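The sequence and the coordinates come next, and the description follows them.

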Amino acid sequence: MASTNRTSWTNMTVDLLRNNPHVDCKPILKRLVQKTIESGIRFVSQQSKVTEGVRNVRLDAWYYIRQVSEDDVLRALLDSGASSEALRREIQESMGKQQFYHVVIRGNDPNFMPLGVVDGQDVVTNYCCERIDLIHEEVDKYLFDELSDPQALQQAMSDPLFDQMLEYYFRSGDTKHEETLHVVSRFRGGANLLHSCIKEGHLESLRLLLSKYTLENHGHDARWRVLAEPLRPVGQYKITAFHRAVYDGQPQCLQELVLWAQHHSHDITQLRNVEERTMLGDTVKGLSCLELAEQENNLACYNILAPLFSAPTKRNGIDANPREARLALRMIPRVEVATEEGEALRTVELTNFDWCNVLDAVRLLWNGHDEDPGHVLIRIESVAFNSDASEEQLDQLLAKTEGMLAIEANGCMMKSDKTALHCLRVVVGRLNQSEADHLPSGMPQKVHLSSPVANELALEEQANVDAETAKLQSELTRLCGNWPGFLGARNGLISVKQRQRLALSDDCTIHAASFASIYATRLFCFVRHHGFADDDTGLGAWIRQRELMPLARAVFKNFFSHEKLLASEFSNCGRALDPAVVHFLKITLSAWFSTVPQDARENTWSVWGDRLRADHEVMDELASALDKVLDSLLRMWKALDAACQHPKAKSAGAVSIGHLIKACVPEPLMDRLWRTEGRLKKYYPSFFSQQMKPQRVRVSLLSTSTSLRPGTGQPLRAKQQQRHE
């Protein structure tokens with residue numbers, strides 16, 4: 001991407017507008033919104049901010065993007081009354097050097113809003129697409145990575161260019177609404193700078209943040225320089241910095257926070273976290289930091305807070321449950337039998353870190369016990385393996401966990417990628433059994449063994465392992481669709497680093513299969529984890545309908561590259577969409593519908609439900625969820641139809657997203673996918689006209705709704721540019 005003289009992440013045209021004292025950039029961008037919605041490509045994405053109220057959820061939204069022409073910018077500038085000859089020449093020069101991409105995030109779609117109630121903000125935000133990821137990299141490098149060194153932090157904040165970057169990032173967002181401010185104090189959520197200082201016990205750095213980089217120091221005039229917000233609750237449990245210090249048993253950090261609060265006359269007695277919620281998400285128990293200290297038996301922290309709450313101190317004021325002690329317990333290498341809710345029933349600690357010891361521990365934990373295997377799982381925790389698992393060992397492990405909820409490896413480190421390869425061989429062999437039932441013999445319901453690896457293989461060996469892994473992942477995704485009782489293998493059994501290598505392959509089906517292995521069993525998981533509370537049939541049912549939407553979000557999340565767009569400066573934004581997305585959707589949808597009976601003459605949904613072992617209520621929920629995600633995929637036709645035409649997508653055999661969905665979704669299911677069928681009829685009427693008997697009718701060219709372009713037979717696209725269509 002081209003860059004300004006000062007930065008490598010900004011857009012030159014936007015820089016001109018923002019740095020001109022006579023121009024307000026935001027009204028100019030706002031004038032570009034309607035055309036971006038009408039002519040840009042769009043994707044399903046999730047809004048970054050969660051909703052307030054009964055349930056904290058991230059709503060879906062439409063992400064529109066287009067390349068803006070020089071004429072569009074100059075017209076918007078003229079309409080805003082801020083045009084001048086000199087500024088016009090500068091904009092023409094800057095846009096001749098660097099493309100301008102406009103983004104609009106649009107919510108308030110009835111299909112995305114709770115219960116279809118359209119009461120949110122329509123255009124959530126709009127902005128120029130820039131390399132904001134570089135800002136995160138710089139903040140990571142100069143602040144997060146140096147968090148233990150207060151001098152390094154101060155040096156970074158004293159750098160004019162670094163300060164300029166923070167100011168630019170702040171002003172690129174909405175500066176009027178507190179909840180959506182672009183400030184680095186909120187990077188990483190609950191692991192932000194302030195909370196990380198407390199967790200790690202960086203006392204001097206904490207003092208620096210509190211003394212120089214809070215809102216009380218800089219006010220709103222330099223809001224971008226705020227690095228710490230002690231009173232702001234973060235995360236699912238609404239933890240303030242005071243709660244963090246108490247929970248982690250950091251009395252020295254808590255003392256600094258209390259002194260800061262007293263210095264600025266802040267009352268912390270009213271700060272409460274969210275300790276427990278009802279099934280509906282309502283808060284039923286919120287604790288003050290004093291109550292949390294008493295609950296956790298961290299009495300040193302309790303005694304620091306007691307005077308502020310007019311409470312008596314406690315004797316033997318020692319923190320009984322500090323963070324270091326909890327981490328030490330959590331990091332003990334062990335194997336556990338646990339319930340579905342996560343409660344450990346029995347544990348065997350490991351002293352040797354090879355797979356033989358793991359197998360011995362599993363035998364010891366399970367032999368002689370009569371729990372129902374369908375209600376427990378085996379967890380391998382915090383083991384850094386000194387050897388790769390052999391196929392024989394993994395075969396024994398899966399056989400020993402037959403019928404269980406899962407076999408999991410959490411916080412583990414595998415020796416190399418050979419373990420994943422051997423595991424894929426065994427799992428694919430199990431799934432390749434000829435007599436398909438509900439769950440293959442010798443298999444748990446989930447195989448969650450993917451983990452980071454400690455050692456890189458030699459380049460030639462790594463290439464051979466990756467090549468076989470790619471083939472096995474394609475087989476895994478194809479076969480798992482035959483077994484409704486198999487609920488998936490985490491990350492397709494491979495590490496994130498190996499997936500990144502596979503994505504570099506010239507064969508985009510390899511990239512597609514590596515992601516499809518994550519999504520292929522999601523429909524079976526939907527059926528397995530069904531139902532909601534009787535008093536939650538409204539919002540709960542709506543949330544249930546969204547459980548298959550990750551497939552639609554994956555199109556943008558996993559296959560659209562801003563970096564590629566900005567580096568290559570395509571005039572057509574759709575070229576930044578990897579054509580592997582077509583193979584990904586075909587592989588995933590084929591797996592979802594592979595158990596649909598092909599010979600059912602009546603009531604295909606009912607027969608399919610029998611195959612899935614799901615009652616009619618669950619199948620009703622499934623139909624609604626499928627209809628929502630398939631409809632959303634069709635509404636991305638502008639981007640996905642172009643991807644289907646890419647030479648690398650030709651082997652998928654789909655000329656459009658409509659064609660792909662018609663090929664993957666059995667026709668008898670369409671009678672309950674009314675949104676999907678309606679969308680297909682609207683966007684691809686030729687699919688349905690071919691099924692009708694030819695009739696002689698008189699058609700007026702003045703009244704027809706089809707395009708006169710030869711060979712298209714498509715409806716006029718103007719109709720698809722209606723509100724939210």
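Among contacts in the protein between residues at least 6 apart in sequence, 71% join residues at least 24 apart. The model is a predicted one, and its secondary structure comes to 33 helices and 11 strands. Of the 725 residues of the protein, 51% count as buried. A single pair can illustrate a contrast between sequence and space: Asn 482 and Thr 595 are separated by 113 residues in sequence, while their C-alpha atoms are 6.0 Å apart. Asn 482 itself is placed in the loop between α20 (459–480) and α21 (496–502), where its relative accessibility of 27% makes it partly exposed.

A search of the whole structure finds one cavity of 30 Å³ or more, and the largest cavity holds about 100 Å³ of space. Its lining is made up of 15 residues, and those lying nearest the centre are Met 414, Thr 419, Ala 420, Leu 449 and Leu 493. Helix α19 (residues 418–431) provides the largest share of this lining, with three residues. By class, the lining of the largest cavity divides into eight nonpolar residues, six polar residues and one charged residue.

The second largest pocket contains about 470 Å³ of space. It is lined by 24 residues, of which Lys 564, Ala 576, Leu 577, Asp 578 and Pro 579 are the closest to its centre. At least two residues of the lining of this second largest pocket come from each of α22 (508–519), α25 (550–559) and α30 (637–644). The lining of the second largest pocket comprises 12 nonpolar, seven polar and five charged residues.

**Covered residues and their partners**

How many of the eight residues of helix α31 (residues 657–664) are buried? The helix is mostly covered, with six of its eight residues buried, and the buried positions in α31 are Ile 657, Gly 658, Leu 660, Ile 661, Lys 662 and Cys 664. As a general point, an α-helix has 3.6 residues a turn, so residues three or four places apart point the same way.

Asp 109 is found in the loop between β3 (100–106) and β4 (123–128), and it counts as buried because its relative accessibility is 2%, which is under the 20% limit. The side chain of Asp 109 is joined to that of Arg 635 by a polar contact of 2.7 Å. Glu 296 has its place in the loop between α14 (289–295) and α15 (299–305), and at 14% relative accessibility Glu 296 likewise counts as buried. Leaving aside residues up to four places away in sequence, Glu 296 touches Tyr 247 and Asn 321.

**Cysteines**

How many disulfides does the model contain? The count comes to zero. Cys 480 is in no disulfide, since the nearest cysteine sulfur, that of Cys 525, is 9.8 Å away, whereas a disulfide requires a pair of cysteine sulfur atoms within 2.5 Å.

**Positive phi angles**

Most residues other than glycine have a negative phi. Ser 310, which lies in the loop between α15 and α16 (323–330), has instead a positive phi, near 55 degrees. Arg 613, in the loop between α28 (604–612) and α29 (616–634), likewise has a positive value, near 60 degrees. The accessibility of these two residues is set out below.

| Residue | Class | Relative accessible area |
|---|---|---|
| Ser 310 | exposed | 71% |
| Arg 613 | exposed | 57% |

Are Ser 310 and Arg 613 buried or exposed? Ser 310 counts as exposed because its relative accessible area is 71%, and Arg 613 counts as exposed because its value is 57%, the cut-off for this class being over 50%.

Conventions. Residues numbered from 1 in each chain as written. Predicted model: local features only at pLDDT ≥ 70, side-chain atom pairs only at ≥ 80, totals over all residues. Heavy atoms only, no water. 1 Å grid on protein atoms, 1.4 Å probe; cavity = no way out; pocket = protein on both sides within 12 Å on 5 of 7 lines; lining within 4 Å. Points joined across faces, edges and corners; volume = space filled by probe spheres on them. Helix = DSSP H or I, 4+ residues; strand = E, 2+ residues; numbered from the N terminus. Nonpolar A, V, L, I, M, F, W, Y, C, P; charged D, E, K, R; others polar. Buried < 20%, exposed > 50% of the residue type's maximum accessible area, 1.4 Å probe, protein only. Polar contact = N/O pair within 3.5 Å; in protein donor to acceptor, adjacent residues only side chain to side chain. Contact = heavy atoms within 4.5 Å.
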